[in-house]
Amino acid sequence: MDKISTGISGLDHILKGGLISGRNYLITGPPGSGKSTLGLHFLRQGLKDDENVLFVSLCEIEEDLKDNAALYNWDVSGIELLCIDLIDVMETPEYKNFRYFENLFSVLFAKKNYHRIVFDSLKKITLMEPKIEARRRILRLMSTLSSQKDCTVLFLDDVNKRFNSIQMYTLSGIIRFYFTRTPGGRERAVGIGKMRGDFTDERIHPYKITKDGIEVFSDKVLFEKLNI
Ligand SMILES: Nc1ncnc2c1ncn2[C@@H]1O[C@H](COP(=O)(O)OP(=O)(O)O)[C@@H](O)[C@H]1O
Ligand SMILES: [Mg+2]
C-alpha cells in the first residue's frame, strides 16, 4: 500500500510512513487544536510532490485559508480553494435531494484529478441541519469522495463522537487532537484512532504549534491509551 506524507514528520512517524493513499480520514479536535493547520501541511506537501490539491471551505469567511496560512507565512497560492456558502446551497434542488456534493465533485473531477482534498469542516453541516439529514449528507459526501481512487481526503470536524459505525465504514481512520490536563497545565496531544488496513499506535503524543506550524513529538508519550 502506497503511503503519503501528511507534511508533518512526527505524525508520519506515528503513522509508520503516513496515510494510505486514496483513502478518507477524519480529523477531529476542539477549535484551535490545529485541524485547519494540519490541512494546510497536508496540501502543501501535495504541492511539493507536484499534485493537484483542493481546499474545500464551508466557513463563512472566504479568506479563512489565507488568514490561516498568513499566520505561518506560508505560500498557498498553488492550493485551489473552493468556498461553499451552505446557506445559498441549501436552497438548491440538488441539496434537497442529497445530490449536491456528489454532483459538485463529479464536475470537479471531470476537469482535473485531485490527489489531495481537505474538507473544512463537517461541523457546519451538522450545525445547520437536523441530526439525521446531516448524517445522511455527510455519509453521501464521504462515499462520493472515497470512490475517487487516487485521491486522499481529510474531513475536519470538531467532535469525534458523532459518527456511527456506518459512517465509520467509509473512513479509513481518525486522527484526534486533544487538549489534555497535565501537572504542568494544559498540553496539546494527538492520537490515532481506528486505522483500517493498517496497524494502530494507540499512544497519545504531545505536539506544539509554532510559527512553522505543527510539530508532533512521536518519541514522547503522554498516555499509553485514551479511553473514549
Ligand atoms: N505563529 C503561530 N505560533 C504559534 N501558534 C500559532 C501560530 N499561528 C497559529 N497558532 C495557533 O494555532 C492554532 C490554530 O489552529 P487551527 O488550525 O486554526 O485550529 P482548528 O482548525 O482546529 O480550529 C491556534 O491555537 C493558534 O493559537
Ligand atoms: Mg479550522
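**Entry 1: helix H2**

I looked first at H2, which has 14 residues and reaches 20 Å from its first C-alpha to its last, close to the 20 Å expected at 1.5 Å a residue. The expected span of a helix is 1.5 Å times one less than its number of residues. Helices (H or I, at least four residues) and strands (E, at least two) are DSSP runs, numbered from the N terminus.

I worked on a predicted model, in which local features need pLDDT of at least 70, side-chain atom pairs count only at pLDDT 80 or more, and totals for chains, interfaces and linings use all residues. Residues are numbered from 1 along each chain as its sequence is written, and chains are lettered from A and ligands numbered from 1 in the order in which they are written.

I then checked burial, calling a residue buried if 20 or more other C-beta atoms lie within 10 Å of its own, exposed if 12 or fewer, and partly exposed in between, with C-beta atoms placed from the backbone. H2 is largely enclosed by the rest of the structure, because 11 of its 14 residues are buried. Among them are Lys 35, Ser 36, Thr 37, His 41 and Arg 44. Just after H2, I noted that Asp 50 takes a positive phi of about 65°.

**Entry 2: ligand 1**

Which helix gives the largest share of the shell around ligand 1? I found that H2 does, with 3 residues. H2 (35-48), helix H3 (64-71) and strand S10 (205-210) each supply at least two residues of that shell. Of the 14 residues around ligand 1, Gly 32, Lys 35, Ser 36, Thr 37 and Leu 71 come nearest; a residue is near a molecule or strand if its C-beta atom, placed from the backbone, lies within 6 Å of it.

**Entry 3: strand S3**

I turned to strand S3 (residues 24-28), which is largely enclosed by the rest of the structure, because 5 of its 5 residues are buried. In a regular strand the side chains alternate between the two faces of the sheet. In S3 both faces are covered, with Asn 24, Leu 26 and Thr 28 buried on one side and Tyr 25 and Ile 27 on the other.

Two strands pair if DSSP finds at least two bridges between them. I saw S3 pair in the parallel sense with strand S7 (residues 152-157) over 5 bridges, and Leu 156 in S7 is the bridge partner of Ile 27. S3 also runs parallel to strand S8 (residues 173-182), joined to it by 4 bridges; there Ile 27 stands opposite Ile 175.

S8 also holds Arg 176, which is partly exposed, with 18 other C-beta atoms within 10 Å. I noted that Arg 176 and Ile 192 are 16 residues apart in sequence and 6.1 Å apart in space, C-alpha to C-alpha.

**Entry 4: strand S4**

I read strand S4 (residues 53-57) next, and 5 of its 5 residues are buried, so it is largely enclosed by the rest of the structure. Val 53, Phe 55 and Ser 57 are buried on one side, and Leu 54 and Val 56 on the other. S4 runs parallel to strand S6 (residues 116-120), with 5 bridges joining them, and Val 56 stands opposite Phe 119 in S6. S4 also pairs in the parallel sense with strand S5 (residues 80-83) over 4 bridges, where Glu 80 is the bridge partner of Leu 54.

**Entry 5: the core**

I took a nonpolar core as a set of buried Ala, Val, Leu, Ile, Met, Phe, Trp, Tyr and Cys residues joined through C-beta atoms within 7 Å. The largest has 51 residues, and those with the most contacts inside it include Tyr 25, Ile 27, Val 118 and Phe 119. I followed Val 118, which touches Gly 39, Phe 42, Leu 43, Phe 55, Val 56, Leu 154 and Leu 156, not counting residues up to four places away in sequence; contact requires C-beta atoms, placed from the backbone, within 7 Å.

**Entry 6: backbone geometry**

Where is Ser 121 found? I placed Ser 121 in the loop between S6 and helix H7 (122-128), and the peptide bond from Asp 120 to Ser 121 is cis, with omega near 0°. Phi of Asn 73 is near 60°, a positive value in a residue other than glycine. Asn 73 lies in the loop between H3 and S5 and is exposed, with 8 other C-beta atoms within 10 Å.

Methods:
Two residues are in contact if their C-beta atoms, placed from the backbone, lie within 7 Å.
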